[in-house]
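This briefing reviews selected local features of one protein model for use in computational work. Please consult the sequence and structure shown below alongside the notes that follow.

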Amino acid sequence: MAGKPVCHNGQGAEPATQDQLSAWAKAYGRLPLPADLNWLWTIGAVLCAILTLMLLTGLTLTLVYTPDAGLAFGSVESIERRMPAGWLLRAMHMTGASFFMLALYVHLLRGLYYRSYLPPRRAVWLSGCALLVMVMVTAFAGYVLPWGQMSYWGADVAGKAVGALPLAGGWLEGVFLGGDSPGTPTLHRMFALHFGLAFLIVGVVLGHIAHVHARGSSSPSARPTAATGVLPFHPYFTVRDMLAIVLVALAFVGVLCFWPELIVEPANYRPANPLHTPADIEPEWYFLPFYGMMQAVPFKLGGLLLSGGAVAVLFAVPWLDRATDAAHSAPVVVRMGAMGLLVCSAVAVACAGLHHMQGVWMLVARLGMVGYYAYFLLYLPLAGRVWRRGRA
């Protein structure tokens, strides 16, 4: 009868497991990567470091937090005033959210610019887009949890936006809010979503990394590895990754200690008051482009569709780009100009959302939306065809 494998030292299969982990670590260190990878390829390591920090601080904060409309704000105050180093843990968690979203956007733009979505890396791109959606949902749920003024009214705006969907909108709004207005059921839903998605994100990240290693990393020059040469992951790229993490950590500490106003919303330090609507309801900075798109359209459904479409179009990028070969990409000047237009368009819509479409900002927002969608629906399909014909 087959039984549990036993080693001579009486420790069962543990030494075999350790040997397997050691062999895996050595194989990971010998992973061949293109020699011309630049510093933008360190953002993945930075994201993993920040994600680890977010998990550790978040799990600690859950020990004191209470997802109840009457107790949530007080429990957050208790974290900051009574829990040992609670103010530091919460500040790290809040700062980490902004740094994570910033690094994620840079990582996304790097993939777009260097066309990292081309075969055979479509699964890598799609899993990354799925991670973006999951992180955005998790971040919004976390924004609601403190139950300050902005948290409450942010949940109210989001619920009404979901309710604008045809047919199932009313039902979805009820599921989201748990009632006619934000309250304790909303907090329970947001807490479960924030907590559960965090661990699901870890699993998808592991799958994302596994896809990268299975398909190989893309190269900035878009040339095959035979032309660029390869280097082992360790020590050539591990040292660079660690240095990038240290530099980001220094910036992290600088914002945390000296410029907290960059990420803190003062209105959210007042308890939620359903009877007093804030003069300016605005989300965190990383949601401003999508918030601006919602405001730029005079009817809710159109704004919701354009805002959601700004994320959904990312999933179609591997098929929108008509050039099937990296050698058929547009010249650097053209690619940089198109990428600059995309970034400037997103920033313009974000600024318009911040100013609530007052005065000329409505026109700015609409022009920004045109520029944003033009990159995906015009530039990617047409550039691939034009330069493919030019190379033919």
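Cys-351 counts as partly exposed because its relative accessible area is 28%, whereas Cys-344 counts as exposed at 54%. The model is a predicted one, and a search of the whole structure finds zero disulfides.

**Cysteines**

- A disulfide is a covalent bond between the sulfur atoms of two cysteines.
- The search for such bonds over the whole structure returned a count of zero.

**Salt bridges**

- The count of salt bridges comes to four.
- One of them joins Arg-90 to Glu-80, with 2.8 Å between the closest N and O atoms. Arg-90 belongs to helix α4 and Glu-80 to helix α3 (residues 72-81), so this pair ties together parts that are ten residues apart in sequence.
- Within this pair, Arg-90 is buried, its relative accessible area being 11%, while Glu-80 is partly exposed at 22%.
- Arg-115 and Asp-321 also meet through their side chains in a salt bridge, at 2.9 Å from N to O. This pair links distant parts of the chain, 206 residues apart: Arg-115 is in the loop between α4 and α5, and Asp-321 is in the loop between α13 (317-320) and α14.
- Arg-115 counts as buried because its relative accessibility is 9%, and Asp-321 is buried with a relative accessible area of 8%.
- A further salt bridge brings together the side chains of Lys-160 and Asp-156, at 3.3 Å from N to O. These residues are four apart in helix α6 (residues 149-163), so about one helical turn separates them.
- Lys-160 is partly exposed at 43% relative accessibility, whereas Asp-156 is buried at 10%.

- Leaving aside residues up to four places away in sequence, Tyr-372 touches Met-293, Ala-310, Val-313, Leu-342 and Ser-345.
- Ser-345 also has a C-alpha to C-alpha distance of 8.0 Å to Val-370, at a sequence separation of 25 residues.
- Val-370 lies in helix α15 and counts as exposed because its relative accessibility is 55%.

**Nonpolar surface**

- Trp-39, Leu-243, Val-246, Leu-247 and Leu-250 make a nonpolar surface patch of about 500 Å².
- Among them, Leu-243 is found in helix α10 (residues 233-258) and counts as partly exposed at 40% relative accessibility.

**Backbone geometry**

- The peptide bond from Pro-119 to Pro-120 is cis, with omega near 10 degrees. Pro-120 is placed in the loop between α4 (86-113) and α5 (122-144).
- Which loop holds His-356? His-356 lies in the loop between α14 (332-354) and α15 (361-391), and its phi is near 55 degrees, a positive value in a residue other than glycine.
- Met-357 is placed in the loop between α14 and α15. Its phi is positive, at about 60 degrees, although Met-357 is not a glycine.
- Is Met-357 buried or exposed? With a relative accessibility of 10%, Met-357 counts as buried, given that the cut-off for this class is under 20%.

How values were computed:
Residues are numbered from 1 along each chain as its sequence is written. This is a predicted model: local features need pLDDT of at least 70, side-chain atom pairs count only at pLDDT 80 or more; totals for chains, interfaces and linings use all residues. Side-chain values use heavy atoms; hydrogens and water are left out. Patches are made of residues with over 30% relative accessible area and no salt bridge: like charges are joined within 9 Å, nonpolar side chains (Val, Leu, Ile, Met, Phe, Trp, Tyr) within 5 Å. Accessible areas come from the Shrake-Rupley method with a 1.4 Å probe; for residues, only the protein chains shown count as cover. Helices (H or I, at least four residues) and strands (E, at least two) are DSSP runs, numbered from the N terminus. Buried means under 20% relative accessible area, exposed over 50%, partly exposed in between (1.4 Å probe, protein chains only). Contact means heavy atoms within 4.5 Å. A disulfide is a pair of cysteine sulfur atoms within 2.5 Å.
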